[in-house]
Amino acid sequence: MMNNAFSRSATTALHYELLHQTPLGPQHVSSSKTATLLIEEKLERQSQLALKVGDTVQAGQKITPFTDRPSYTIASVTGTVAAIRPMPGDFGKHLTAIDITLAGAEETAEGPGEMTPTMTTLSEWLAGAPGKPPLHLFQSSEHGIHTLVVAGVDADLLVATNQFVIKSEMHAVNRGIDILKEATGVKRIAIAVPRDLVQGFGHTGADELKAISSAYPAASPKLIIYEAFGQEIPAGKTCEELGFAFFSAEAVASIGKAFDTGRVPFEKVVTLVDKQGRKTMVSARIGTPVADVLAAHGITTGDMDRLILGGPMTGSAIYDDQMPIQADTDAILVQDAGDVSLVSDYPCINCGECVRACPARIQVNMLVRFLEAGQYEDGADLYDLYSCVDCGLCSFVCVAQIPIFQYIKLAKYELSRLTAAEASDAQ
Amino acid sequence: MRSEKMFIVSHAPFWHNGSNVAERQFGMLLAAMPAVALGIVHYGMPAVAVIALSISSAIFWEWLMNRLTKRTITVADGNAALLGLLFAMLIPATTPWWVVLAGTFIMMVIGKHIYGGIGSNPFHPTVVAIMILSVSWGAFFDFNGALVNYDFSFNAIYPLTASKNLGPAALNDFSTLNLLMGRQVGGIGATFGFGLIGGGLYLIAKRYIRWEIALSFLLGIFLAALVFHLAAPDKYAGPVFHLLTGYTLVGAFFLLPEDSSSPVNPLPMLIYGVSAGVLTILIRNIGVYTDGVLLAVLLMNLVNPLLDKIRPKALGKVG
């Protein structure tokens, strides 16, 4: 990695790659035997289920497994339910997994058919569509979204999914934008695309085109708002609290396609990066096990390799290659055991590289001292924990190889639990 | 349906730029080599003995402290070796063995490990050691006395003594080229101008030190010395003389920018460097000490935590 001594920022070394030509593909991958659908609900012993093992489901069928909760998923395959099981998610989340054994012949369920562009229709059918449109932002009036940003850029490195979608499915994206305009009533819709590709977007349904720098992490939502819209998100606030809703290009394309065809799409575009760093655009149904995608592309894995859903800076490592592709799985990254970078328990030597690298101007060297000691509140009050935009550059450049980013995420999580506990005590 | 493979699961990011602590220390050892080599050429085997004893005893004290405090043995990170070498670079080649042992003990134990080891020392350990020793046994650190038995091909008076006691008129032998070529007496590794500048540029290019600190220190020395020189040219030596004598260059590249005891924010780094430079010249020209670098480094180390509170406003910070 190149180091530039005189630049204030070490981030000059990390750049998003551009898809200059519309690449071939995506190459389709099918599930071999099973598919697993995930629902963000906690499965408990006493949960009332509307679905049981042995039930048959058809591709395109809407499944609402809990009788008392509205969460749903769209079956992406035809087959029988083999298991309904609880699954732990990151940071204390609880998921419910529905394993489906594929039937020989595919039967397709009737989709929503002719749809009217309203929020009700959208959230009834498309909340789990590829790209995972954040429709919930429009359901409560508390946010007051005034600007909808269609991200034709990918926030993490190596990932090219949304760049790919906006180049190859511009028609569907435009259709989606029209529908979103009508359904949400949002006045201002902007498309964010890489600066170098901006000329390629002459006519879009959007009101504005925003050019995003290629220097990592310029494509992360908070920095897009800061740099392209000139607004600084107050520390601790979210983009939606300021009235910005981010939709990935793929999510918007999914909406467009659903209205064009009368069916909810379930083919997810995924950037597959193999051990040599070669990139392939793959499309697979939501629920397809990661192992099937790897097998279809001849990628073998072994002990001590690392499998990552998402990009190299902010993705999450998985422990099981049977994990399914989800609506927001933009990339699968495979690292060979020899390339796995590890962290250390060395103390901070105060070299200042993290301070130079931080796009949020946080004094990370001091922050990490508080976080290492578990003093999360002091870290937030004195050293700007909540200004962090979660880019991971501090860990990337850390000479002592301290897992700084992990400390930051842990601190934010612990503090959110504390706030939640205080709020429930107060009631 | 679990797979049998054991994957590594860890938190993002999954890439690292490859830098590490040991690489940094060994890079600094490498950068010091030209200056040390000329010291060995000038002072011969006694210099080799001092360097060897200093490095090995520093490593020994580090190992001992690791054992006593029941911590991981950190000798392999190269920091003890680096501090040992820096200590040897600052002292005369004739320093007795027991002074070296006492010095490295002070450096490693009082300067570094009682604060918690690498990254936690508020002062540069080597500077702490030399300052304590020169208060206790000042005679060993007087270069004129210590090196009196050597027969050099150049003027063997310590340049700063000459400037302080005899005035700029006595400095004719110390041309800029002579100083850059190391034709002056002083610490084993502190006199070779070209060597130290080359090493320093290497450190800056590799990002092993913060360039803002080194350059602003040199700027501070230059400006302060220039003011004195312009005010009274017959009393005070010129800025270039001050840049190339005493501990100026070794201080700029090896002492002042030490990671743990120096600031990391942009403005504080500049204030820290310039102030240390100005202090050095004040001490040299007005104070009682011959060289002011070590005292200036210690004083600026002291105010470093306060200085580093001046920082840019974080993203989204209100008020």
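The entries below go from the overall layout to single residues.

**Entry 1: what kind of model**

I noted at the start that this is a predicted model.

**Entry 2: chain B as a whole**

I began with the secondary structure of chain B and found 14 helices and 0 strands. Reading from the N terminus, I wrote the order down as α-α-α-α-α-α-α-α-α-α-α-α-α-α. Next I looked up the radius of gyration of chain B, which is 21 Å; the globule rule gives 20 Å for 319 residues, so chain B is as compact as a globular protein of that length. The box filled by its C-alpha atoms, along the principal axes, is roughly 90 × 50 × 30 Å. I also checked burial: 54% of the 319 residues in chain B are buried. For contacts in chain B with a separation of 6 or more, 73% join residues 24 or more positions apart.

**Entry 3: the two domains of chain B**

How is chain B divided? I found domain 1 at 22-140 and domain 2 at 158-307. Their centres, taken over C-alpha atoms, are 21 Å apart. Where they touch, 31 residues of domain 1 of chain B are in contact with 25 residues of domain 2 of chain B. On the domain 1 side, α1, α2, α3 and α5 (125-136) of chain B each give at least two residues. Which helix supplies the largest share of that side? My note says α1(B), with 11 residues. By class, I listed 23 nonpolar, 7 polar and 1 charged residues on this side of domain 1 of chain B.

**Entry 4: helix α1 of chain B**

That sent me to α1(B) itself. The helix covers residues 21-43, so to speak a run of 23 residues, and spans 32 Å from first C-alpha to last, close to the 33 Å expected at 1.5 Å a residue. I did find a kink of about 45° at B:Met33, shortly before the proline B:Pro34. Among the buried residues of α1(B) I noted B:Val21, B:Arg24, B:Gln25, B:Met28, B:His42 and B:Tyr43. What do the buried residues of α1(B) pack against? I found α2 (45-68), α3 (79-90), α9 (193-205) and α12 (248-255) of chain B. Just after the helix, B:Gly44 has a positive phi of about 70°.

**Entry 5: one residue in α2**

I then picked B:Ile55, which sits in helix α2 of chain B. Buried or exposed, I asked of B:Ile55? I counted it as buried because it has 21 C-beta neighbours inside 10 Å, and the cut-off is 20 or more. Setting aside neighbours within four places in sequence, I listed its contacts as B:Ala81, B:Gly84, B:Leu85 and B:Ala88. I also looked up B:Leu267, 212 residues from B:Ile55 along the chain, and the two C-alpha atoms are separated by 35 Å.

**Entry 6: chain A and its meeting with chain B**

Last, I turned to chain A, where the domain assignment gives domain 1 (32-102), domain 2 (119-261), domain 3 (267-338) and domain 4 (343-426). The centres of domain 1 and domain 2 of chain A, over C-alpha atoms, are 28 Å apart. Between the chains, I found 60 residues of chain A in contact with 42 residues of chain B. On the chain A side, β14 (306-309), β15 (316-318), α10 (393-397) and α11 (404-426) each supply at least two residues. I sorted that side of chain A into 31 nonpolar, 19 polar and 10 charged residues.

Notes: Residues numbered from 1 in each chain as written. Chains lettered and ligands numbered in written order. Predicted model: local features only at pLDDT ≥ 70, side-chain atom pairs only at ≥ 80, totals over all residues. Domains from an automatic or database assignment. Helix = DSSP H or I, 4+ residues; strand = E, 2+ residues; numbered from the N terminus. Rg over C-alpha atoms; globule rule 2.2 N^0.38 Å. Buried ≥ 20, exposed ≤ 12 C-beta atoms within 10 Å, placed from the backbone. Contact = placed C-beta atoms within 7 Å. Nonpolar A, V, L, I, M, F, W, Y, C, P; charged D, E, K, R; others polar. Bend = angle between axes of the 7 residues up to and from the residue.
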